[in-house]
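Please look at the sequence and structure below before reading on.

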Amino acid sequence: MKKYLAVVLCTFLTIFSTYAQNSILWYNQPSEKWEDALPIGNGRLGAMVFGIPGKEHIQLNEDSMWPGGPDDWGLAKGTPADLAQIREYLIAGDHKKADSLLVLKFSRQDVTRSHQTMGDLWFDFTWNSITEYKRSLDLHTAVTLTEFKSEGHAVSQEVFASAPDQAILIKLKTDHPDGFRGLIRMDRPMDQEHPTAESTALNDNLLEMKGMVTQRSGQIDSKPFPILDGVKFRVLLLAQNQNGEIRATANGLQVNGAKEIHLKLVAETSYYEKDFEKKAEATLDEIAFASWGQLRQAHEREYQAWFDRVSLSLGASQPDNTPTDQRIQNAKAGQADLHLEKLLFDFGRYLLISSSRPGTNPANLQGLWNQHIAAPWNADYHLNINLQMNYWPAEVTNLSELHGPLFDFTDGLIENGKKPASENFNMKGAMLPHATDLWKVPFLRARTAFWGSWMGAGAWLGRHYWEHYLFTQDREFLEKRALPAVEQIAQFYSDWLIVDPRDGTLVSAPSTSPENQFIDEKGIQAASTMGTAMDQQMIADIFEIYLKSNELLGKRSSSTDKIQSQLAQLRPGVQLGSDGRILEWDREYEEPEKGHRHMSHLYAFHPGAAITQEDTPEHFEAVKKTLDFRLANGGAGTGWSRAWLINFSARLMDGEMAHDNIKKLLATGLYNNLFDAHPPFQIDGNFGYTAGVAEMLLQSHEDGIIRVLPALPKAWPSGQVTGLKARGGFTLDFTWANGEVKTVKIKSEKGKKVILFADGSEIDLQLKAGESIEMEF
């Protein structure tokens, strides 16, 4: 039933009385380990601030710190004849032989080539009798603050990473009569006992660290492959004082008696700049005479232009009297904490702003923050969910421009992916692997088929171009960026498909389901088959995106005709088993890991949009059964998998299920600094959580429909949000109380028709570009 409401048409209207819910991480003790430290970043340059009196540690990062280069390694040695043999094995039902040949011929197997730390900045100062300690990270200003008293005298340290000035900026201040006393130094970890950088005091106020990234523990094809060259870098640290003394020594800059010190750190690499050493000097020169107030004001103005686009409040505003680490401990003990839930939402947006800016590399497996020479999973780019999940919050939480680094990276990966498509498979288009690195290598990797021989990465990344168009309605982007990329991806799948002799449909072969296996008819555990659910769903998705894009742009070609025909012959990716669950593989095989962390066969439900309660009710119910089975067998676990489950629950419009998984993530999946504890640290869970909360509050994946509070849990009886985005070019602000929507403001950027569902009302809207409507319920 439709309820018709009185509405007010307006162009500019503010309808909310905002109240502050501070978003500050704070602690009463210094960091004991890296996972306690507080992250800062400007997209390219970042740091982890420990806040340790007398032994301060600021671990430095830069997003291009990689060993090797783009031409180090060639493709795998597989040929079209090898592919034909694998397919013969699959048709004959010999999955294990298919697995073995797939790895032998088409994978470069285990690869060690890692994103690396840029090094460490140390303050070895003398402080005694420490009292009144506190450290914090204010998400509204993106500034860390460490405060304490030494012998009753105040000491403070402010640190932030400025995007406009491309620098890490630090202010040290004290009223202690002896001032700061000690050494400022920089160094970088050894690479298997070999130095990787050299630090020198160039004069009494300037410290330099320069070197080159190497990976002596590197490997390729599961064999040692020392990498002895890589990205070169130069770090400059300018120390400015108005009193006391700073002088150059062999170990760094010796400080004696300074009451206030301003430190300006810049870093440049050969990845971004050919003459990176000169560029570092130029960058430093730009800010050398700028005051602290000027630098901080420029930083906050630029950062808040991103962060302030969205605000969320859950419940009434209350003083934040509980340290963040204690909040996490309370959550582990089962206490509800709406402030922590809101704080973690804001933290996800903060991390994306801090690790992905126009012109930088995309956020990697650890975003930007990495203390290692050889990081877990190389801190690289995993394309079987992790990289994509990093960007789930980009559009809906009003950070659309920050999606750009993913498109820049994918464009380059597509160009490189044409090589294996052509040389290994004799096919058009581009093949994208399940994992890659800074150099955009396009080959498969992993010793086992189940872990690294997945062919679906291109389709998943292709959806991101489409989502950006759906949210922005940017036709120029669709024509010049999205369609060319999607076309290369779709053309590869068009050539990749074969006829399944069992039923005459078109299938992907060989086909795996990310990181999972099945037990075949012979009782053998295997990974490869013909047409897994995820591959079939994703190929259908990218074909439909390709056809819709061409239709919107008024284009038609032999490629669109062919893909239209193939789509009709494609075996559906959503097939139900005897118990009503969605099958993960082409047949109802036994599952060795019934609670597997990946839920890839639900891609069509989320992040895809092919399964909805309205249009496909049987499949919608099958999603519930599939998730119930996974969870009953220990599924989801920590990190990104739990975050995905929050998004699934929201799409099911089950607020209680979503919130239950939020509570589990808070209780099991966080380090003290709110980083996602996979473990070890992976940043995708942070981004997935923020996207999941947004999905609970607002949904727009159904064509022409926006739902307000589709999955509101009882734990959030009242609240307000401003600035969330919906597909179709809409921005929404809304409030709710006692579990019911109270006000909604919707603005149309492009002038589109939409049906708004809110508080039991179904409202048909046709807005002009730039118009807003405010509704009271």
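How many nonpolar, polar and charged residues does the lining of the largest cavity have?

## Basis

This is a predicted model, in which local features need pLDDT of at least 70, side-chain atom pairs count only at pLDDT 80 or more, and totals for chains, interfaces and linings use all residues. Residues are numbered from 1 along each chain as its sequence is written, and side-chain values use heavy atoms, without hydrogens and water.

## Largest cavity

The lining of the largest cavity has 8 nonpolar, 6 polar and 7 charged residues (nonpolar: Ala, Val, Leu, Ile, Met, Phe, Trp, Tyr, Cys and Pro; charged: Asp, Glu, Lys and Arg; polar: the others, Gly among them). A cavity is a set of points on a 1 Å grid over the protein atoms alone where a 1.4 Å probe fits but cannot get out, and lining residues have an atom within 4 Å of a point.

The space in the largest cavity is about 280 Å³, a volume being the space filled by probe spheres set on the points, with grid points joined across faces, edges and corners. Of its 21 lining residues, Trp392, Glu467, Phe471, Glu695 and Arg727 lie nearest the centre. Helix 11 gives the most to this lining, 5 residues (helices are DSSP runs of H or I, at least four residues, and strands of E, at least two, numbered from the N terminus).

## Second largest cavity

The second largest cavity holds about 120 Å³ of space. Its lining has 9 nonpolar, 5 polar and 1 charged residues. Strand 9 supplies the largest share of that lining, 3 residues.

How values were computed. 1 Å grid on protein atoms, 1.4 Å probe; cavity = no way out; pocket = protein on both sides within 12 Å on 5 of 7 lines; lining within 4 Å.
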